Every structure is written in C-alpha cells, then in structure tokens.
Amino acid sequence: MLEQNLFAGFGGQGVLLMGQLLAFAGMLESKYVSWLPAYGPEMRGGTANCSVNISDEPIGSPVVSKATSVIVMNRPSLDKFESAVQPGGMLFINSSIIDRKAERDDIQVFYVPCNEIAEQLGNARVANVVMLGAYIEKTKCVDMENILNALLEKLGKTKAHLIPLNREALVKGAESVR
Amino acid sequence: MAKQLMKGCEAIAEAAIQAGCRFFFGYPITPQNDIPEYMSARMPKVGGCFLQAESEVAAINMVYGAAGAGARVMTSSSSPGISLKQEGISYIAGAELPCVIVNMMRGGPGLGSIQASQGDYFQSTKGGGHGDYHLVVYAPASVQEAIDLMQTAFDVADKYRMPVLILADGIIGQMMEPVEIKQGNASEPVKKDWATVGWSEKDFTRPRAVVNSLYIEVEELEELTGRLQARYAKIAEEETRVELYNTEDAEFMLCAYGTVARICKTAIAQLKKQGIKAGLVRPITLWPFPYKAVHDAIAAPSVKKALCVEMSAGQMVEDVRLAINGEKEIELLGHSGSRVPTAEEIAQRIIQMRGA
Amino acid sequence: MAIVFKKTSVLTDTIMHYCPGCGHGIVHRLVAEALEELNLQDKAVGVAPVGCAVFAYRYFNVDMQEAAHGRAPAVATGIKRVLGPESCVFTYQGDGDLASIGAAEIVHAAHRGEKITVIFINNAIYGMTGGQMAPTTLVGQRTTTSPYGRDMEHCGSPIRMSEMLATIDGSAFIERVALNSTANIQRAKKAIRKAFETQMAGKGFSMVEVLSTCPTNWGKSAVESMDWLESSMIPYYPLGVKKEV
C-alpha cells in the first residue's frame with residue numbers, strides 16, 4: 001500500500017492538522033508515514049497544503065506531486081491541485097464552499113458538504129474532521145479510532161471531552177460518501 | 001520508547017539536547033526557525049542556555065566563546081545566515097574548537113527562495129570561509145537519520161576538536177516522520193584542559209589556556225595547518241560514511257544525497273517494475289567524500305551509465321566525476337531553482353539514457 | 001633587601017610589541033593590577049581584539065581567547081554564559097574594532113545587560129593597519145585614508161560610544177578616562193576596578209573608554225601626543241562617569 005495524499009485549503013481550516021492526524025494514525029498502525037507542509041512567508045489566512053504519505057514500505061519522496069488522493073477545502077485549492085490526482089485516484093471536494101464541479105473524468109470525485117455537516121453537529125471547526133471521515137471511508141488506509149487516538153495525543157488529555165464530537169464528525173463524514 | 005511523530009527541526013533540537021548540548025546561539029531565518037524556537041522552550045528546563053543573538057555573525061562568535069570555554073554548543077541557520085557565519089566558522093576551525101552547526105539549506109544565490117535546495121554543497125565541502133580547513137559534513141536523508149547524526153556530530157567534533165556541519169535541506173527540517181530519540185544518550189564528557197575556564201599559576205598545573213587562530217610566524221601557521229591536515233586524513237579514513245542501495249548488478253547507478261536520495265529510491269522502485277535495474281550510492285558524509293565507495297559503485301562492470309541528481313546546478317557531481325576520474329561518463333539531473341525533482345522524471349531520465 | 005616595587009603577576013614576562021609612547025602598555029598594567037587587587041586572576045577570562053592589542057593574550061596572565069575583528073563582545077557573551085556569574089570576563093578592544101566593525105556586537109552586549117567588562121581604547125585611529133581613519137577620528141584629523149583631514153560632510157563626525165551606550169538600559173557602569181596625566185591614569189585605574197566590581201556584583205554591562213595615544217600614526221612625539229590628547233581629544237570626548245546604576 002502507498003497512499004500519497006495532498007491536503008489543501010486556506011489557513012485556519014485545519015488543513016495541516018488533518019494531514020498530521022492521518023500521519024499520526026498511520027504511525028500508530030506501525031506504517032511508514034511522512035508529513036510535509038508547503039511553507040511560505042508567514043501570513044494569517046494564506047493558503048496551506050501538505051503532503052502525507054502512508055505506506056507499508058519506507059517512503060521515498062516526501063513530496064507528493066502525483067497523488068492517489070487530493071483533498072481540497074477551498075476553491076483555489078481545487079483549481080491548483082485537481083491536475084495532481086493520479087488517473088484512477090480520488091478527489092475529495094468540500095462542496096460547502098467550493099462552487100464548481102471537478103473537470104476530470106478519469107478519477108473518482110466525492111463531494112462532501114463539510115461545513116454544513118460540522119454546523120449540524122454544532123461546531124463549525126470540525127469541518128476538517130468531517131472530510132477526514134469521508135477520506136478514510138473511501139481509502140480505508142487507517143482505522144478511524146486511530147484518528148481519535150491521534151487527536152487525543154495532539155490535543156492533550158484536558159481536551160478529552162472533544163473526542164465524542166470528533167467521533168461523530170468522522171462518522172457523519174464517512175456516511176456522506178457511502 | 002514509543003515512536004513520536006516529530007518535525008525534523010524539532011527532532012534535531014531534541015537530539016542535540018539528548019547528546020548533551022546545553023548552549024544554543026542563533027538568529028531567526030526560514031526554514032529553520034523551529035530549531036531556535038524549540039531550544040528557547042527546552043534549554044531553560046535542562047539547565048542550559050538559549051540566546052537569540054543580534055545577528056548570525058554574533059551567534060557564531062558566541063559559539064566560539066562558549067566552545068572555547070569548554071561547552072557542548074551549537075547553532076543553526078539556513079543558507080544566507082550560514083554565509084554570514086562563515087567568518088566565525090573559519091576562526092573556529094583555526095582555533096581548533098568543537099561545535100555543531102546545522103544548515104537547513106534554501107535556494108540561492110542571494111535571498112533566493114525559502115524552499116529546499118542543495119545549493120550549499122560547494123560552500124560546505126570546499127571551504128566556505130577563508131583558509132585551509134574543512135568541516136565534517138553530514139547529510140541526513142530522513143528525520144531519524146538527522147537525529148542519529150546529531151549525537152555523532154557532537155562526538156566527532158569533540159574527538160577531533162573541529163566544527164561539524166549537519167547539512168540538510170528545508171524538507172528534512174519541515175517534514176514530520178515517526179522517530180525514536182534515545183533518552184539520556186549523551187556520551188561521556190571529553191576532558192578539555194585547553195578550555196578557558198579561569199587559571200592562576202598558584203592553583204593549576206595545566207598551562208595557561210589561550211584560544212586563538214593567529215599564528216603570525218610562517219613556521220607556526222604551517223605547524224597548525226599540518227596538524228589540521230593530518231587530522232583530516234585520519235577523519236577521511238575513519239569517519240567516511242556512505243549508503244549503497246540496490247547496487248548489486250545495477251545497470252544504472254544514481255548518486256544523490258539528502259532528500260534527493262530518497263526520491264531516487266522511489267525512482268528505482270518504479271524502474272524495477274519496468275525491469276530496469278538501477279541502484280543508488282548515497283554519500284552520508286559529504287566531507288570526507290566517499291570517493292572510493294562512489295568509484296567502486298559506478299565503476300562496477302554491470303553499470304552502463306551513471307546519473308547524479310541534485311537540487312543544484314551541479315555541485316556534488318564534480319566530486320562524483322573526480323571519484324570516477326574519467327572511467328565512465330557521469331550525467332547530471334540538477335534543479336537549481338528550489339524545484340524538487342520527482343521520482344517520475346528521474347526514472348524517465350534513466351529510460352532515456354538506456355535508449356540513447 | 002626590601003621589595004619596593006613588583007610587577008603584577010597578572011601580566012606575563014613577555015616583552016610587549018607596542019611602540020614607544022603608546023598607551024596600551026599602561027592600560028594593560030592597570031587592568032592587570034585591578035584584577036590582582038580584586039583577587040580575580042583565577043576567575044578571569046579575557047578576550048583580545050583585532051588591532052594593535054591583538055597579542056593581548058600573550059601579555060595578560062589569565063586564560064584568554066582571541067576574537068575575530070569586532071566580535072569580542074559576542075565571544076565574551078559565549079564565555080560568560082558558560083562560566084556563569086562567578087567568572088570575570090573582559091574584552092579589550094580598540095576604536096576600529098569596537099566602534100566600527102563591532103558596533104552591532106557592542107551595542108547588543110550592552111542591550112542584553114551582558115555581565116562583562118569592556119576596556120575600550122580610543123586613540124582616534126587604526127594603528128595596526130597603518131594609521132587609517134577610525135569612526136573616532138577627529139574632524140580635520142589627517143590619517144592615511146583622510147589625507148586632507150576628516151571631512152564631516154563626507155564621512156560624518158566622530159562617534160561618542162560611551163555616551164551612546166550609556167543610553168541603553170542594560171549598561172550599568174560607563175566611564176571615560178584618559179592617560180594624559182598621572183592623576184588621570186590613577187582615575188583610569190579606579191574606573192577599571194569599578195567596572196570589574198560592577199560585573200562581579202551582577203549589575204550589568206560595564207565599560208571603560210580610555211583616551212589613549214598613537215604617536216607613530218599621529219606623526220608626533222610621545223610628549224606631543226600627550227599634549228594633543230589633552231588639547232584636541234578631551235574637549236570632544238569629555239571625561240567622566242557616563243552611567244552608574
């Protein structure tokens with residue numbers, strides 16, 4: 001297995017965190033993982049993206065140029081990274097705020113209304129976790145529980161009360177593409 | 001200990017602390033700011049000292065002072081900042097002081113870019129500052145290797161009383177990978193009776209300590225440089241490191257270091273699926289350069305052609321050509337605009353070389 | 001026979017290379033005597049500059065480091081941070097070293113309140129390289145790089161480092177002294193002692209600026225030099241304590 005993922009959106013959407021949670025979950029399952037952020041001059045609200053590899057073998061290039069999955073959280077990211085999906089690969093689109101459809105017909109495309117689902121759950125900030133739920137449902141590359149374990153590790157024990165909400169977000173995200 | 005998911009910069013900083021480094025002097029520059037930031041939080045907790053200097057020039061001279069006073073000390077920066085440090089590095093080499101310097105390379109010349117690059121190979125291995133000296137230069141290709149090399153770097157610096165450079169690129173610094181950092185792994189402190197710690201004829205048996213790189217008499221300077229060259233020869237013999245990957249029976253030999261080397265490994269896997277045998281020779285020490293290992297890998301009868309891949313316009317390729325000394329032609333795939341070569345283009349290039 | 005005079009043990013027996021009439025020898029002795037009197041020899045680490053005092057490490061009988069041009073305050077910072085408050089770390093710098101190429105290092109050592117002592121020799125010229133203009137060279141003063149006299153319009157007026165550094169919060173003791181008379185030499189000694197005491201009390205950055213002579217590069221005799229120091233330098237660089245906390 002080699003999952004080569006690109007996560008992209010604007011700063012504040014939790015794009016880098018999504019990637020880290022996935023990499024962390026992969027590590028918990030003793031897989032080889034790498035997470036690499038694109039970095040530029042510091043700007044609040046600027047664009048953000050990261051490359052995440054999950055593999056049964058040691059990882060060569062940490063830079064994902066041709067992705068098995070591309071996850072885009074805003075329109076500029078779709079415009080920039082639609083072409084980066086490998087033929088036959090998957091494209092996950094945050095349909096809540098992206099106002100166009102994918103143009104490619106040689107890939108699988110999933111539209112996930114991340115923000116709406118998150119708002120229904122009462123917390124707009126879990127939109128990224130909703131998307132992660134959809135991604136895992138389709139790729140099955142890690143166990144959902146390990147995303148929650150990773151989140152707990154990342155947030156610290158004092159934020160354990162946020163786990164049920166995030167579990168729900170993962171489940172709803174998964175259901176949306178089932 | 002369980003594995004942690006750590007960013008390269010932070011992992012390097014923690015590994016330095018575990019190696020017994022207690023003094024860090026630095027100045028902010030992208031893409032290595034996570035190192036000083038991590039150190040500023042961590043050093044006070046282990047009884048060490050983090051100090052943000054007014055410039056890279058000052059930082060490296062603080063390193064000089066601290067190393068001269070006997071401390072395990074380091075600094076980190078990225079290409080333009082490393083250029084500024086070259087004065088101090090030359091003095092540190094001349095004064096025979098141990099220290100560790102980390103360079104998270106970015107694109108140049110000038111302000112260049114803040115993206116990863118390998119454009120500082122010449123600077124790192126062929127001098128950098130003025131005078132007849134070398135640094136031991138380690139080029140890690142993963143976060144774990146960077147961690148492991150930190151311990152080695154401090155030990156080698158102390159053993160040979162010289163500055164050691166960890167030459168990584170922005171990708172190694174910014175990437176997160178699962179790693180293991182051995183706790184409390186610091187080696188036994190080396191006795192440094194040459195250090196300036198305070199002295200008087202009444203109380204001490206050692207001679208007065210003078211940390212200095214000035215040898216005004218020709219004979220004296222030649223004695224110093226002779227001593228350094230003898231040391232360098234010993235280091236070349238004992239500390240040279242190289243990784244050979246899939247080299248047996250390879251028809252095509254790649255040569256690369258750092259991040260680019262791991263991209264080559266992906267290319268090798270892609271080529272294998274197409275029935276093309278390619279291997280990789282990866283220098284881990286860029287100085288001393290593993291001339292013999294590189295020569296033997298490329299000169300092997302099975303090897304038809306060799307390709308050097310770099311994120312530069314072609315710097316290490318000169319050493320590779322020196323190693324093979326005309327026996328075979330060495331081609332270059334180099335990107336110098338901070339663009340990272342892809343596995344696909346490396347594989348494509350090999351396929352072209354095969355057809356040609 | 002009774003000993004009526006003895007050279008301080010904080011100076012080595014090495015014969016100094018300074019020119020006749022140069023002030024460095026005097027200041028070396030004042031610094032060494034102050035260290036001896038304050039019982040600081042075994043706690044002291046000195047940092048020599050680049051300039052005429054480059055060989056200071058041969059003369060001070062304490063552990064010494066030789067710094068790159070202008071970087072002595074940064075080197076001293078590294079030493080002091082390693083050895084801690086018990087140590088006595090000093091730099092010995094000339095005007096080219098401190099006020100020109102090392103301007104950033106001296107300002108920020110003061111700004112951090114670095115607990116070091118700086119002995120700053122101001123003789124208004126670059127000595128070792130052959131008498132070029134320094135930032136402290138007086139207006140109208142002829143040097144090998146201001147052969148028509150320093151022109152203020154062209155290269156500004158001489159910089160007063162003590163006054164400047166006194167404005168920085170981290171500086172705890174700054175005094176300007178001169179070597180033009182026995183009385184002033186005694187005052188210089190007192191100031192140097194005070195600077196070391198300031199450091200050892202952990203109060204902050206301390207510096208003594210010593211107005212000194214360079215007969216060789218001024219093109220004057222030793223006596224003329226002392227007169228010129230008094231008549232030309234002191235009016236522009238007023239003596240006295242600039243900062244004391």
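Visitor: Let us start with Arg161(B): is Arg161(B) buried or exposed?

Guide: A residue counts as buried if 20 or more other C-beta atoms lie within 10 Å of its own. Arg161(B) has 20 such atoms within 10 Å, so Arg161(B) is buried. Please keep in mind that this is a predicted model.

Visitor: Which class does Asn246(B) fall into?

Guide: Between the buried and exposed cut-offs lies the partly exposed class. Asn246(B) counts as partly exposed because it has 18 C-beta neighbours inside 10 Å. Asn246(B), again not a glycine, has a positive phi of about 55°. Its place is the loop between β10 (242-245) and β11 (252-255) of chain B.

Visitor: While we are on the backbone, which peptide bonds can you show me that are cis?

Guide: The angle to read is omega. From Gly108(B) to Pro109(B) the peptide bond is cis, with omega near 5°. Pro109(B) belongs to the loop between β5 and α5 of chain B. Another cis bond joins Trp287(B) and Pro288(B), where omega is about -5°. Pro288(B) sits in the loop between β13 and α10 (291-299) of chain B.

Visitor: In which sense do β5 and β7 of chain B pair?

Guide: Follow both strands and compare their directions. β5 (residues 99-105) and β7 (residues 163-169) of chain B pair in the parallel sense, over seven bridges. To see one of these pairings, find Met104(B), whose bridge partner in β7(B) is Ala168(B).

Visitor: How is chain B divided into domains?

Guide: A domain may be written as more than one stretch of residues. Domain 1 of chain B covers 4-194 + 230-236, and domain 2 covers 243-355. Their C-alpha centres lie 27 Å apart. The contact between them draws 27 residues from domain 1 of chain B and 23 residues from domain 2 of chain B.

Visitor: Which element gives the largest share of the domain 1 side?

Guide: That is α5(B), which supplies four residues to the side of domain 1 of chain B that touches domain 2. By class, this side of domain 1 of chain B has 16 nonpolar, ten polar and one charged residues.

Visitor: And between chains, which pair shares the most contacts?

Guide: Look at each pair of chains in turn. Two pairs are in contact, and chains B and C share the most contacts. Chain A and chain C have no contact, and their closest C-alpha atoms lie 27 Å apart.

Visitor: What makes up the contact of chains B and C?

Guide: It takes 29 residues from chain C and 34 residues from chain B. On the side of chain C that touches chain B, α3(C) gives the most, with nine residues. That side of chain C has 15 nonpolar, seven polar and seven charged residues.

Visitor: How many residues does chain A give to its contact with chain B?

Guide: Chain A gives 16 residues, while chain B gives 19 residues. On the side of chain A that touches chain B, β2(A) gives the most, with five residues. The residues of this side of chain A divide into ten nonpolar, five polar and one charged.

Conventions. Residues numbered from 1 in each chain as written. Chains lettered and ligands numbered in written order. Predicted model: local features only at pLDDT ≥ 70, side-chain atom pairs only at ≥ 80, totals over all residues. Contact = placed C-beta atoms within 7 Å. Helix = DSSP H or I, 4+ residues; strand = E, 2+ residues; numbered from the N terminus. Nonpolar A, V, L, I, M, F, W, Y, C, P; charged D, E, K, R; others polar. Pairing = 2+ DSSP bridges. Domains from an automatic or database assignment. Buried ≥ 20, exposed ≤ 12 C-beta atoms within 10 Å, placed from the backbone.
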